[in-house]
Number of protein chains: 2
Amino acid sequence: MTKSLVISVDAMGGDHGPSVVVPGVAQAATEAGGLRFLLHGDETAIVAELAKHAGLKDRVEIRHADRVVAMDEKPAQALRRGKGTSMWAAIESVKGGEAAAAVSAGNTGALMAISLLILRMSVDVERPCLVVQWPGVSGVTTVLDVGANVDCDAERLVEFAILGEAFHRAAHGMAKPTVGLLNVGSEEMKGHEEVRQANAILRSGKFDIDYRGFVEGDELFQNKVDVVVTDGFTGNVALKTAEGAARYIGGELRGALTGSLAAKLGALLARSGLMKFREKLSPDAAAPLLGLNGVVVKSHGGASARDIAAAIRMAAKLAQSDFATEIERNMTRLTAAVAEQQPPAVDGAA
Amino acid sequence: MTKSLVISVDAMGGDHGPSVVVPGVAQAATEAGGLRFLLHGDETAIVAELAKHAGLKDRVEIRHADRVVAMDEKPAQALRRGKGTSMWAAIESVKGGEAAAAVSAGNTGALMAISLLILRMSVDVERPCLVVQWPGVSGVTTVLDVGANVDCDAERLVEFAILGEAFHRAAHGMAKPTVGLLNVGSEEMKGHEEVRQANAILRSGKFDIDYRGFVEGDELFQNKVDVVVTDGFTGNVALKTAEGAARYIGGELRGALTGSLAAKLGALLARSGLMKFREKLSPDAAAPLLGLNGVVVKSHGGASARDIAAAIRMAAKLAQSDFATEIERNMTRLTAAVAEQQPPAVDGAA
């Protein structure tokens with residue numbers, strides 16, 4: 001089913017470069033027989049790693065790149081001097097059509113800036129949306145934007161809904177994900193202007209989206225809907241607050257380690273659960289940059305081979321899905337819906 | 001020290017009315033010898049409860065009220081038909097100067113609306129701020145607004161800082177609480193316009209406030225600053241997200257209850273810690289309505305006698321503190337700071 005789909009990989013991305021990325025590629029290759037790869041980066045280092053993975057060599061094409069975007073490089077700097085880096089080349093292969101998707105565990109800010117410059121946005125959103133797969137009682141909820149777009153009017157929020165819904169279907173193979181707007185209450189009159197307007201536009205029924213209305217912060221953990229939409233400011237605060245809560249509670253449990261043996265064992269158990277929770281909350285394990293003309297999936301700097309393989313899996317899923325065309329379709333509907341809100345100019349002639 | 005300070009109490013407030021409120025008053029009375037009370041509500045019911053608390057009778061004055069604001073009554077309805085209720089009368093005693101502060105465990109929306117109508121705001125904020133004492137690794141952080149004022153410009157945020165700082169000093173007897181603004185990053189350029197403007201105004205140094213700049217969601221639990229300021233939308237989402245995280249993690253721990261005896265005991269231990277955490281997060285245990293011309297402290301509907309006593313303690317602390325004059329002083333500075341931002345009208349005459 002994944003018949004010779006080409007994934008462009010930034011082999012130098014992340015804290016460990018080829019020594020982790022190449023094993024990750026190997027793992028993904030074993031899982032999905034049909035995948036092929038373009039590996040961008042230092043040829044010598046990549047060849048050395050490839051030697052450890054028999055059978056991978058004939059499914060990989062190496063594209064040598066002399067330079068690397070540093071993990072601490074400022075996005076603006078990465079844009080100025082990014083040409084010729086493995087990250088830049090990995091994105092360009094998508095632009096050029098050689099690859100169906102790109103994967104990098106490199107500097108997130110630089111990856112967003114370079115992807116934005118090379119691929120451009122397919123929606124009116126200012127920059128690629130950051131998405132998190134929020135852990136809940138009965139699965140994960142896709143939450144966006146969690147930090148990329150801080151100022152959002154109603155239309156932006158509707159675009160996030162369009163992006164998130166298409167992403168969730170592609171990533172989880174769910175026919176009709178349900179969508180909600182994050183708000184301070186469930187009543188129609190609650191919240192600020194932007195949220196109420198976005199709610200009205202989504203309720204208009206002009207979109208091929210199963211919209212369920214408002215959800216509150218605590219409901220993020222209840223999988224009340226599959227996709228929760230919010231502005232990048234609120235989303236980032238919510239995400240960091242949840243991470244902080246997990247860390248705080250973990251610390252409190254650590255206190256129990258000074259208690260009885262029973263308490264020690266129990267607390268250890270509980271803490272391992274908490275660590276999983278915090279891992280799940282990390283937005284970087286395998287996160288797409290949504291809204292670009294092309295599929296880009298990032299993994300975090302500390303990515304393991306498993307994380308890289310997961311990012312490649314997600315990139316392949318998105319590249320093979322219809323989510324680009326679904327987004328296009330709903331974006332056209334949005335333009336129409338917004339146009340309807342402005343009354344047409346009256347023809348002077350009788 | 002609390003020499004014959006009079007606290008006005010809505011004896012009918014909360015789910016249990018006098019049967020819980022009067023014992024709460026008795027507890028507070030024992031703790032603080034100097035307190036006296038006006039108890040508003042059904043005289044017969046109050047007298048019956050007072051009979052169980054010898055020595056309280058001579059420190060209490062009963063003000064009979066026929067009617068009660070229902071816990072599920074809409075604020076607008078409470079405003080229309082609130083006159084003659086115990087809640088209304090409790091607030092009016094503050095307005096009239098008979099009492100130094102009012103305490104109610106009644107309907108929060110109604111209490112906010114009635115307090116706003118009778119006492120009016122002392123600041124430009126639209127309605128009384130809701131405050132939560134956020135639990136952290138080294139104490140509590142005062143966080144506001146957590147839901148009352150959803151739309152906030154930079155000036156509102158600065159007013160929250162003024163209110164929260166004065167409250168924290170009064171409530172915790174801290175000479176110079178530190179203040180921060182909730183944002184998506186610590187750099188000056190991060191965040192949306194309102195937050196960056198508020199940051200600039202607070203940095204101007206015109207206020208008698210120890211302002212420390214931006215804090216992020218996860219830092220709420222680290223007591224990085226004593227007071228964290230945010231708009232009612234973000235604050236409400238952050239609070240509910242933290243509550244949701246605690247509930248979710250609690251549920252995961254419940255899973256451990258099916259494990260070994262050690263796990264069971266440990267998980268129970270851990271969960272009791274979580275329950276404490278969630279209790280602490282509850283904004284209603286003893287929460288002031290900030291920004292009014294007068295002290296009003298609410299407790300939650302399910303308040304216990306201990307909660308009522310805590311609310312009375314806080315009401316007394318605020319009434320005896322200088323926080324009203326401190327707020328006034330900083331508000332004058334704000335007006336000046338804002339006026340400076342607009343260039344003065346040029347005099348036409350030479």
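Predicted model: local features only at pLDDT ≥ 70, side-chain atom pairs only at ≥ 80, totals over all residues.
Visitor: Which strands stand at the edges of the open sheet of 11 strands in chain B?

Guide: The sheet in chain B is open and its pairing is mixed, with the order S3-S2-S1-S4-S11-S10-S5-S6-S9-S7-S8. Each of the two edge strands has a single partner strand, so one side of each is left without a neighbour in the sheet. These edge strands of chain B are S3 (60-64) and S8 (210-215).

Visitor: What angle does the direction of helix H7 of chain B make with that of S8(B)?

Guide: Helix H7, residues 193-203 of chain B, packs on the sheet and touches both strand S7 (178-182) and S8 of chain B. The angle between the direction of H7 and that of S8(B) is about 160°.

Visitor: Is B:His192 buried or exposed?

Guide: B:His192 is found in the loop between S7 and H7 of chain B, and its side chain is joined to that of B:Glu194 by a polar contact of 3.1 Å. Leaving aside residues up to four places away in sequence, B:His192 touches A:Val150, A:Asp151 and A:Phe233. Because buried means under 20% relative accessible area, and the value for B:His192 is 12%, this residue is buried.

Visitor: How far apart are the end C-alpha atoms of helix H1 of chain B?

Guide: Helix H1 of chain B comprises 14 residues, 18-31, and at 1.5 Å a residue it should span 20 Å.

Visitor: What do the buried residues of H1(B) pack against?

Guide: The buried residues of H1(B) include B:Val21, B:Val25, B:Ala28 and B:Ala29. The elements of chain B against which the buried residues of H1(B) pack are strand S1 (5-10), strand S2 (35-41), helix H2 (43-50) and helix H10 (305-320).

Visitor: In S8(A), which residue is the bridge partner of A:Leu182?

Guide: Strand S7 of chain A, residues 178-182, has 5 of its 5 residues buried, with A:Thr178, A:Gly180 and A:Leu182 on one side and A:Val179 and A:Leu181 on the other. S7(A) runs parallel to strand S8 (residues 210-215) of chain A, and 4 bridges join them. In S8(A), the bridge partner of A:Leu182 is A:Val215.

Definitions and conventions:
Residues numbered from 1 in each chain as written. Chains lettered and ligands numbered in written order. Heavy atoms only, no water. Pairing = 2+ DSSP bridges. Contact = heavy atoms within 4.5 Å. Axes fitted to C-alpha atoms, helices over the stretch in contact; angles between N-to-C directions. Buried < 20%, exposed > 50% of the residue type's maximum accessible area, 1.4 Å probe, protein only. Polar contact = N/O pair within 3.5 Å; in protein donor to acceptor, adjacent residues only side chain to side chain. Expected span 1.5 Å × (residues − 1).
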